[in-house]
Amino acid sequence: MSAVNLNENERKVLRALVRLGWLEGNYANFRMLSRSTKLRRAEVRLACRSLARKGLARYGSGLWSEDTDQPAGSGYSATAEGRKL
């Protein structure tokens with residue numbers, strides 16, 4: 001894998017995605033990531049989109065909660081490359 005340049009917010013969000021999504025396929029929404037990283041929602045959103053463009057995160061929509069079997073909206077998850085990094 002070639003060197004990937006990440007800014008501080010991207011590093012924080014990627015670490016949180018790996019930590020919060022300990023199982024592959026678990027997704028975190030902006031609220032969860034904001035709480036975990038202490039970043040503003042807008043900063044988290046920009047970092048997630050940048051990580052997705054770099055192939056380190058993936059976006060998921062139409063997600064369902066396993067706990068309540070209710071719609072859970074959308075979120076991001078670390079890819080295998082993101083986990084390696």
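Helices here are DSSP runs of H or I with at least four residues, strands are runs of E with at least two, and both are numbered from the N terminus. What I am showing is a predicted model, in which local features need pLDDT of at least 70 and side-chain atom pairs count only at pLDDT 80 or more, while totals for chains, interfaces and linings use all residues. Residues are numbered from 1 along each chain as its sequence is written, and side-chain values use heavy atoms, with hydrogens and water left out.

On that basis the protein has 4 helices and 2 strands, and the order from the N terminus is α-α-α-β-β-α. Of its 85 residues, 33% are buried, where buried means under 20% relative accessible area, exposed means over 50%, and partly exposed lies in between, with a 1.4 Å probe and protein chains only.

Let me turn to the surface charge. Arg 31, Arg 35, Arg 41, Arg 49 and Arg 53 gather in a positive patch on the surface; a patch of this kind takes residues with over 30% relative accessible area and no salt bridge, and joins like charges within 9 Å, the place of an Arg charge being taken as CZ. The elements giving two or more residues to this patch are α2 (30–37) and α3 (41–53), and the largest share, 3 residues, comes from α3, the helix in which Arg 41 is found.

Now to the salt bridges, each defined as a side-chain nitrogen of Lys or Arg within 4 Å of a carboxyl oxygen of Asp or Glu. The whole structure contains 5 of them. In one, Arg 11 pairs with Glu 8, with the closest N and O atoms 3.0 Å apart; because these residues are 3 apart in helix α1 (residues 8–20), about one helical turn separates them. Glu 8 and Arg 11 also belong, with Arg 15, to a network of salt bridges.

Which residue does Lys 54 meet in a salt bridge? The partner is Glu 10, at 3.1 Å from N to O. Lys 54 lies in the loop between α3 and β1 (57–64) and Glu 10 in helix α1, so this pair ties together parts that are 44 residues apart in sequence. Glu 10 is buried, at 5% relative accessibility, whereas Lys 54 is partly exposed, at 36%.

Finally, Glu 81 and Lys 84 form a salt bridge at 3.2 Å, N to O, and they too sit about one helical turn apart, being 3 residues apart in helix α4 (residues 80–84). Glu 81 is partly exposed at 30%, and Lys 84 is exposed at 62%.

How values were computed: Patches are made of residues with over 30% relative accessible area and no salt bridge: like charges are joined within 9 Å, nonpolar side chains (Val, Leu, Ile, Met, Phe, Trp, Tyr) within 5 Å. Accessible areas come from the Shrake-Rupley method with a 1.4 Å probe; for residues, only the protein chains shown count as cover. Lys and Arg count as positive and Asp and Glu as negative; His and the chain ends are not counted.
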